[in-house]
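Open the model in your viewer and keep the selection tool at hand. Each stop below says what to select and what is there.

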Amino acid sequence: MLAKVRTCAVVGLEGAIVEVEADISPGLPSFTTVGLPDAAVQEAKERVRAAIRNSGCTFPMKRIVVNLAPAYLKKAGPAYDLPIAVGILLSSEQLSADVSQTIFLGELSLDGSLRHTNGSLPMVALAHHEKMPTVIVPEVDAKEASLIEGTKIIPIASLSQLVSYFRGEIPPPEYKPEPVEEYIQPNLLTTDMAYIKGQEHVKRALEVAAAGGHNIIMMGPPGSGKTLLARSLSSLLPPMTTEEALEVTKIYSVSGLLPTDTPFIRQRPFRSPHYTISNAGLVGGGHWPKPGEISLSHRGVLFLDELPEFGHAVLEVLRQPLEDRVITISRAQGSVTFPANFMLVGAMNPCPCGYYGDPFRQCTCSTGLVTRYQKRVSGPFIDRVDIFVEVPHIDYEKLTDDRLGEKSETVQARVEAARTIQHKRFEGTKLTCNAEMTPTEVREFCRAEESAQSLLKAAMKQLYLSARAFHRILKIGRTIADLENADIIKAHHLAEAIQYRPRRMIIS
Ligand SMILES: Nc1ncnc2c1ncn2[C@@H]1O[C@H](COP(=O)(O)OP(=O)(O)OP(=O)(O)O)[C@@H](O)[C@H]1O
Ligand SMILES: [Mg+2]
């Protein structure tokens, strides 16, 4: 007899419905899986065989063929265990139920209990999109699955419980909605801005960056507070909207980084990978493409400390996702696209010894060494950076000043107000902040008053700015105007924006 059970495959971040067809026919006992299964799906046979036996059912000693359709879609991971087991139980007539409107997900352990499965959230989202009313998920993943409203979630602890439920021996297991706790990133060493002394212009630049989602690079001598300031940035960022939070949670769900007890990410991600990271670790990759750090910092911050140490090659791969805000990874079996809309924050010393250009301490590097060091960060990469600030040495008087600066909370309130203006501005579009504007939107929304226009014209000519720089200055000007709740961009907004232009410190 033939049985059909539905489940989901995750391709990139999107789910796709997969039909599991199980056919049992007389013949020598065999168990074949067809339809482009990977090694983990092939191994499902062993888990399914043991799980069925250990759940009080019989594993049919006949010729079993399981087809995973559509065949062009490569199936990976252990989430197919449960649908395969249910398919076999249905086709061997040990169960009878109408499962055409149900999606099954879950990895089986040998004793028949269901384990946590990565990617439950995108799979349930797909079920919702395809108007499938019911999804059966492992009990541990019910909280994560319940984030998608409007789909009935049936939490199942084991295969035997599922069998009893289908046979009508127990009432349908129900998921009792409970408040889903937020996932708090561990080791987020955030310092409140109030405790960072001096560096007022850097704090202001960080405020502008946070308000408009602009990229920022900080350059200065060792110990001047670059790392400290960058880490304080996460205390300035506004919370994510529910839609954004779901997007980010999906990425973490697919990557297997979502704890089952706190399966919702509300806080903007802050990722700071070490500079020994590989290209694949940064942008994503692997035989089965997995999201890299740029996707894990989607809607949040990617902090690259000691920027030149990342090396030329690694930084160059960032160029395309910095513009497109997505990354497409192509493999022989197809390509997947992950979102990568992150805010890049970089910190660097001006030279290997760290004191090039410092007014108080002599730099010991030769000009050639400084040039080589700074060239590790290429011109096109620097041109993609919106805001560039120098973080100078901080003197004793400022450091020992007892007065506290402005609290992060106060700055965050201003940032949030500016973001609200931007949300209103971009309503009905896919954009969320000023940094994402393309030339079309810049033309539409970045109107500058006459004196501002002539200032920009003079700057363009005298500083030999690129076309990208022109748009960038207007975008930053828009953010600064938003922070002041000004409709039109004024000359002093643009003057500040021009100050932030990326520049090199090399004299050669
Ligand atoms: N503005 C500041 N206010 C208060 N403390 C500071 C400030 N700047 C630096 N410090 C102190 O100095 C320490 C080092 O700062 P930080 O790690 O941010 O330096 P850095 O600029 O990243 O240096 P490096 O270039 O060597 O990485 C901080 O942990 C803090 O104790
Ligand atoms: Mg540092």
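The tour starts at the ligand and then visits some backbone features.

This is a predicted model, in which local features need pLDDT of at least 70, side-chain atom pairs count only at pLDDT 80 or more, and totals for chains, interfaces and linings use all residues. Residues are numbered from 1 along each chain as its sequence is written, chains are lettered from A and ligands numbered from 1 in the order written, and side-chain values use heavy atoms, without hydrogens and water.

**Ligand 1**

Select ligand 1 and its shell (residues with a heavy atom within 4 Å). The shell holds 16 residues; Lys197, Gly223, Lys226, Thr227 and Asn349 come nearest. Helix H7 (residues 226–232) gives the largest share, three residues. Helices here are DSSP runs of H or I with at least four residues, strands runs of E with at least two, numbered from the N terminus.

Now zoom in on the polar contacts (N or O pairs within 3.5 Å). A ligand nitrogen is 2.8 Å from a polar backbone atom of Lys197. A ligand oxygen lies 2.8 Å from a polar backbone atom of Gly223. The side chain of Lys226 has an N or O atom 2.7 Å from a ligand oxygen.

**Backbone stops**

Most residues other than glycine have a negative phi, and most peptide bonds are trans.

Select Ala69 and Pro70: a cis peptide bond joins them, with omega about 0°. Pro70 is in the loop between strand S4 (63–69) and helix H2 (81–91).

Next, select Lys131, with a positive phi of about 60°. Lys131 sits between helix H3 (120–129) and strand S8 (134–138), in the loop.

Finish at Arg299, where phi is near 65°. The loop here runs between helix H10 (293–296) and strand S14 (301–305).

Key: A polar contact is a pair of N or O atoms within 3.5 Å; within protein, one must be able to donate a hydrogen and the other to accept it, and residues adjacent in sequence count only if both atoms are side-chain atoms.
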